[in-house]
Amino acid sequence: MYAIKGSSSDSLAQRYARVQAEIRAASDAAGRREDAVHLLAVSKTRPASAIADLAALGQCDFGENYLQEALDKIEALRDLPLTWHFIGPIQSNKTRDIAEHFDWVHSVDREKIARRLSEQRPAHLPPLKVCIQVNIDDEDSKSGVAAADAAALAAAVHALPGLALRGLMAIPRADSNDHNAAAFRTLAMTLSSLRNTIPDLNTQDAAKLDTLSMGMSDDFSAAIAEGATFVRIGTALFGPRD
Ligand SMILES: *Cc1c(COP(=O)(O)O)cnc(C)c1O
């Protein structure tokens, strides 16, 4: 199940190079263009200095789960040209800060949250890019909309002016590679079916509905095989979290 070998005593540069090589290998094996798969470095619990180090190696996209911690790092690193992704559960009293400080949100799972993000997105910024989180294994413990309700939520998000609907995100039950591959395939099929179910989806918006945020340190090669466009990787880049 562990795609990434090597130990936590390796340098950040070594781990970054190894993850990039694994992404390339999985893209090649799947006959996909390498630039179709983006690495989202999940930097929750890591200090701003670790993000700056990875940015110096060329990484642009960073994912955060905890708002206050993220805001501190965004402020500390505001001189760097980074793209910030919110990937954690969203409480309604947190939407304003997310709308004001992030470029992407991967974890929208309720219409109420989507409305608030849209209303609170500052007018001088482009629409907030949004993925809908799907609870792909129907787990009680997980955030995400039920797969059966994804189409209705996608239609609602599409209609909101402050948001740009980009695709779907899921975190499969950490189970087996076979299970996760099947879950990734289901998410990919759910995304393609959205193109036919969202009312008034013009060609331009349909073309932007291109994002599958799936795959983490232990299963990103399987996710790439099933069409992932963002793989969200923390441990394999930064080492184990405390
Ligand atoms: C922590 C986290 C990740 C990264 O997990 P790793 O196993 O450390 O790669 C990816 N996605 C989400 C939503 C997370 O919370």
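Here are legends for a set of close-ups from a predicted model.

**View 1. The whole protein, to get your bearings.** The protein carries 10 helices and eight strands. A compact globule of 242 residues would have a radius of gyration near 18 Å, and the protein comes in at 17 Å, so the two agree. Of the 242 residues, 51% count as buried. Take the contacts with a separation of 6 or more, and 58% of them link residues 24 or more positions apart.

**View 2. Strand 5 and its neighbour, strand 4.** Strand 5 covers residues 128-133, and five of those six residues are buried, so the rest of the structure largely encloses this strand. Strand 4 (residues 104-108) runs parallel to strand 5, and three bridges join the pair. To pick out one of the pairings, go to W104 and look across to K129 in strand 5, its bridge partner.

View 3. In helix 5 (residues 111-120), the buried residues are I113, A114, L117, S118 and Q120. These buried residues pack against quite a list of elements: helix 4 (95-101), helix 6 (150-158), strand 6 (163-169), and also strand 4 and strand 5 from the previous view.

**View 4. Strand 2, covered on both faces.** In a regular strand, side chains alternate between the two faces of the sheet. For strand 2 (residues 61-64), D61 and G63 lie on one side and F62 and E64 on the other, and all of them are buried. Strand 1 (residues 38-42) runs parallel to strand 2, with two bridges between them. Look for V42, which stands opposite G63 in strand 2.

**View 5. T45, a loop residue with positive phi.** T45 sits in the loop between strand 1 and helix 2 (48-56). T45 isn't a glycine, yet its phi is positive, near 70 degrees. With a relative accessible area of 44%, T45 is partly exposed.

**View 6. D138, another positive phi.** This time the loop is the one between strand 5 and helix 6, where D138 is found. The phi of D138 is near 55 degrees, again a positive value in a residue other than glycine. D138 has 60% relative accessibility, so it counts as exposed.

Notes
Residues numbered from 1 in each chain as written. Predicted model: local features only at pLDDT ≥ 70, side-chain atom pairs only at ≥ 80, totals over all residues. Heavy atoms only, no water. Helix = DSSP H or I, 4+ residues; strand = E, 2+ residues; numbered from the N terminus. Rg over C-alpha atoms; globule rule 2.2 N^0.38 Å. Buried < 20%, exposed > 50% of the residue type's maximum accessible area, 1.4 Å probe, protein only. Contact = heavy atoms within 4.5 Å. Pairing = 2+ DSSP bridges.
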